[in-house]
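Me: I would like to work through a few features of this structure. Please take them one at a time.

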Amino acid sequence: YSIEMVDDSLLEGQEDFTITLTAESNLESSPFSNQTAQVTLTITDNEEAGVILLNTSDEALEGDVTQFDISEDGTTASFKLRLASQPSDEVTLSFADNPAGIGTEYSIEIDNVLLVDNSITFQPAQWNIPRVVKLVATDDSLVEDVETFTLTMTADGGGFQNVSRSVIVSITSDDTAGIQINNKPDFIDL
């Protein structure tokens with residue numbers, strides 16, 4: 001006998017199961033009549049919990065470090081993300097940064113909608129549909145050096161507990177320091 005496993009995209013982990021074989025015979029004198037044998041098998045799942053980053057052309061962003069540069073002058077950065085395999089339940093992906101501040105120094109849009117609670121949800125049936133992430137710098141009037149920080153996306157639920165992916169983001173200020181000199185005299189002669 002041979003047993004073939006079906007390769008799916010569902011994140012299931014390791015599964016054990018038992019097969020019981022029973023010999024049936026119409027002959028009472030058969031030595032194999034009503035004998036049973038059991039074998040326990042293990043299926044090792046080849047899917048892994050993970051967050052996949054893609055560029056805007058749907059090509060995977062490889063490597064441990066991915067950097068995006070945005071600016072107060074309106075330069076934005078976009079990438080896509082999706083889950084690496086189908087979860088067993090919904091997955092919440094939370095965005096956190098260190099040391100900048102989501103909503104103060106920059107904002108995040110997901111599929112052209114402002115992210116307000118710093119998280120998005122993937123349903124099991126939509127795990128492989130990429131979501132577009134857009135990073136937009138907040139245009140303030142502060143003169144600042146380039147701010148560089150790590151933006152971490154951490155998954156929870158559906159077998160994706162504490163799975164994370166990070167990118168590095170740099171924000172360039174468009175403000176410059178200057179001194180304004182008022183060339184008016186302090187007094188007027190009459």
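Me: Leaving aside its neighbours within four places in sequence, which residues is valine 146 in contact with?

Reply: The model is a predicted one. Beyond the four places on either side that are left aside, valine 146 is in contact with Ser170, Ile171 and Thr172.

Me: Where is the place of valine 146?

Reply: Valine 146 sits in a loop, with strand E10 (131–137) on one side and strand E11 (147–156) on the other. The C-alpha atom of valine 146 is separated by 9.8 Å from that of aspartate 69, a residue 77 residues apart from valine 146 along the chain.

Me: Does one call valine 146 buried or exposed, and why?

Reply: Exposed, because its relative accessibility is 52% and the cut-off for exposed is over 50%.

Me: How many salt bridges does a search of the whole structure find?

Reply: The general idea is that side chains of opposite charge can pair when their charged atoms come close. In this structure the search finds 2 salt bridges. One of them joins aspartate 58 to lysine 80, with 2.9 Å between the closest N and O atoms. This pair links distant parts of the chain, 22 residues apart: aspartate 58 belongs to the loop between strand E3 (51–54) and strand E4 (67–71), and lysine 80 to strand E5 (residues 77–83).

Me: With which residue does aspartate 111 form a salt bridge?

Reply: Its partner is arginine 131, and the closest N and O atoms are 2.9 Å apart. Aspartate 111 counts as partly exposed, with 34% relative accessibility.

Me: In what order do the 5 strands form the open sheet?

Reply: In general, strands of a sheet pair through backbone hydrogen bonds, either parallel or antiparallel. Here the order is E3-E5-E10-E7-E8, and the pairing is antiparallel. E3 and E8 are the edge strands; each has a single partner strand, so one side of each has no neighbour in the sheet.

Me: Over how many bridges do E5 and E10 pair?

Reply: They pair over 5 bridges, in the antiparallel sense. Serine 78 stands opposite lysine 134, a residue in E10.

Definitions and conventions: Residues are numbered from 1 along each chain as its sequence is written. This is a predicted model: local features need pLDDT of at least 70, side-chain atom pairs count only at pLDDT 80 or more; totals for chains, interfaces and linings use all residues. Side-chain values use heavy atoms; hydrogens and water are left out. Helices (H or I, at least four residues) and strands (E, at least two) are DSSP runs, numbered from the N terminus. Buried means under 20% relative accessible area, exposed over 50%, partly exposed in between (1.4 Å probe, protein chains only). Contact means heavy atoms within 4.5 Å. A salt bridge is a side-chain nitrogen of Lys or Arg within 4 Å of a carboxyl oxygen of Asp or Glu. Two strands pair if DSSP finds at least two bridges between them.
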